[in-house]
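Morning, everyone. Let me put the model up, and then we'll go from the whole chain to a single residue.

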Amino acid sequence: MRELEAQRITQTVKRLCIEANCHLPADMQQRIRAGRDCESWPGAKEILSRIVENFEIADRENLPICQDTGMACVFLKIGQEVHITGDVTEAVNEGVRQGYREGFLRKSVVRDPLNRVNTGDNTPAVIYSELVPGDRVEITVAPKGFGSENMSQIRMLRPSDGLEGVKEFVLKVVQDAGPNPCPPVVVGVGIGGTFDKAAYLAKKALLRPVDEPNADPFYAALERELLEKINTLGIGPQGLGGATTALAVNVEWFPTHIAGLPVAVNINCHVTRHRTEVL
């Protein structure tokens with residue numbers, strides 16, 4: 001049994017909060033540049049050029065890519081053969097607390113959803129834990145801005161709605177969102193499981209690199225089809241028109257009940273941030 005001090009989790013989360021907010025993943029950078037190069041409308045090309053300039057400055061100067069530095073979503077894969085000495089939840093929250101303070105990141109979390117009093121340190125984080133084989137702990141920090149989060153939807157479709165019902169729902173969510181999530185967007189889709197599982201799958205889908213299709217050929221084809229259809233909607237960069245409304249559609253699925261077809265769509269803006277480290 002391997003021992004791991006909770007303090008190491010705190011130190012790692014702290015660093016990942018800052019890095020994720022300041023450095024866009026390479027796959028996202030490449031996809032945005034590719035979208036810019038493929039745009040035929042000068043207005044859309046100019047907007048994407050400005051987005052590229054923005055993330056290059058953030059990268060170089062170690063500054064936040066966006067003023068909305070998000071609510072910290074932390075994904076933990078904890079090996080069955082590791083014993084963490086200390087409180088894991090508090091270790092994560094302390095890492096967020098230190099990272100947002102020392103990184104001069106905006107604190108956006110309110111203590112109560114109705115009373116709306118800011119916690120002042122961007123805690124608590126939203127923590128997802130998964131038990132896996134091995135003696136390592138994988139930590140992914142994914143700050144989630146709410147311009148895009150607010151545009152996400154879930155629907156309990158009927159099994160009879162089938163594949164076409166899923167496609168129609170995903171397209172409607174993106175169409176309804178319009179310019180609000182700061183397109184070009186990445187669209188995470190969760191299909192199956194239960195009401196809450198579908199939402200989790202949609203969120204988790206946003207962690208997959210945009211150049212990595214679903215391992216299942218059926219769902220990889222669905223991702224390609226949805227991306228093509230979304231990019232014919234004409235919303236374009238920042239909602240001002242063009243062919244680059246979405247940079248990717250990532251679909252994750254899970255078995256479900258014979259009577260159900262849950263579908264969740266979690267939209268992320270072009271600042272699709274996440275950083276991972278294994279301890």
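The chain's secondary structure comes to eight helices and 10 strands. Those are DSSP runs, numbered from the N terminus: helices are H or I with at least four residues, strands are E with at least two. The radius of gyration is 19 Å, close to the 19 Å that the globule rule gives for 279 residues, so the chain is as compact as a globular protein of that length. That radius is taken over C-alpha atoms, and the rule is 2.2 Å times the number of residues to the power 0.38.

A word on the source. This is a predicted model: local features need pLDDT of at least 70, side-chain atom pairs count only at pLDDT 80 or more, and totals for chains, interfaces and linings use all residues. Residues are numbered from 1 along each chain as its sequence is written, and side-chain values use heavy atoms, with hydrogens and water left out.

How much of the chain is buried? Of the 279 residues, 49%. Buried means under 20% relative accessible area, with a 1.4 Å probe and protein chains only.

Now Asn122. Find the loop between helix H4 (88–102) and strand E4 (126–132); Asn122 is there. Asn122 counts as buried because its relative accessibility is 0%. What does its side chain reach at 2.6 Å? The backbone nitrogen of Ser108. A polar atom of that side chain also lies 3.0 Å from the backbone oxygen of Gly70. Beyond four places in sequence, Asn122 touches several residues, among them Met71, Val96, Tyr100 and Arg106. Contact here means heavy atoms within 4.5 Å.

Definitions and conventions
Buried means under 20% relative accessible area, exposed over 50%, partly exposed in between (1.4 Å probe, protein chains only). A polar contact is a pair of N or O atoms within 3.5 Å; within protein, one must be able to donate a hydrogen and the other to accept it, and residues adjacent in sequence count only if both atoms are side-chain atoms.
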